[in-house]
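Let us work through this structure by question and answer. Each reply ends on what was asked.

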Amino acid sequence: ASSGKTSSILPAFLKTDMTHYIYMAFSNNNYKNFILESTLQPIPSLAVVQGADFMFQCVKSLLDSPPQSGPYKIQSSNPLPDSVMIQQQELETYLKNCLGENH
């Protein structure tokens, strides 16, 4: 039996007109996951923006780097990331640049 994120989301994705599925692996995916390598300390009041920054870096890692084995190591040196809204706009611009305007 299938379980987990892929079996839950992929059928819904296939029913859409979207053209790209960017898979973000968790730690149960044979080391094809993401690890934050940073000397910065997490700040509870900034957890949401730090998480958004981490996810943006994960997407960039997937699209800018060739596939690799082992975990993707994400470097973060930004102690005060931009707001989630600004990061969302930057991600949208980044994806349009990588995948084209209609994707």
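**A pocket and a helix**

Me: This is a predicted model. How much space lies in the second largest pocket?
Reply: Take the volume of the second largest pocket in this predicted model. It comes to about 200 Å³.

Me: What distance separates the end C-alpha atoms of helix 3?
Reply: Helix 3 covers residues 84–99, which is 16 residues. At 1.5 Å a residue, the helix should span 22 Å. The model agrees, because the end C-alpha atoms are apart by 22 Å.

Me: Which residue forms a salt bridge with Lys96?
Reply: Side chains of opposite charge can pair when their charged atoms come close. The whole structure has one salt bridge. Its closest N and O atoms are 3.3 Å apart, and the partner of Lys96 is Glu92.

Me: How many residues apart are Lys96 and Glu92?
Reply: Both lie in helix 3. An α-helix has 3.6 residues a turn, so residues three or four places apart point the same way. Lys96 and Glu92 are about one turn apart, that is, four residues.

Me: Is Glu92 buried, partly exposed or exposed?
Reply: Buried means under 20% relative accessible area, and exposed means over 50%. Glu92 has 44%, so it is partly exposed.

Definitions and conventions:
Residues are numbered from 1 along each chain as its sequence is written. This is a predicted model: local features need pLDDT of at least 70, side-chain atom pairs count only at pLDDT 80 or more; totals for chains, interfaces and linings use all residues. Side-chain values use heavy atoms; hydrogens and water are left out. Helices (H or I, at least four residues) and strands (E, at least two) are DSSP runs, numbered from the N terminus. The expected span of a helix is 1.5 Å times one less than its number of residues. On a 1 Å grid over the protein atoms alone, a cavity is a set of points where a 1.4 Å probe fits but cannot get out, and a pocket is an open set with protein on both sides within 12 Å along at least five of seven lines; lining residues have an atom within 4 Å of a point. Grid points are joined across faces, edges and corners, and a volume is the space filled by probe spheres set on the points. A salt bridge is a side-chain nitrogen of Lys or Arg within 4 Å of a carboxyl oxygen of Asp or Glu. Buried means under 20% relative accessible area, exposed over 50%, partly exposed in between (1.4 Å probe, protein chains only).
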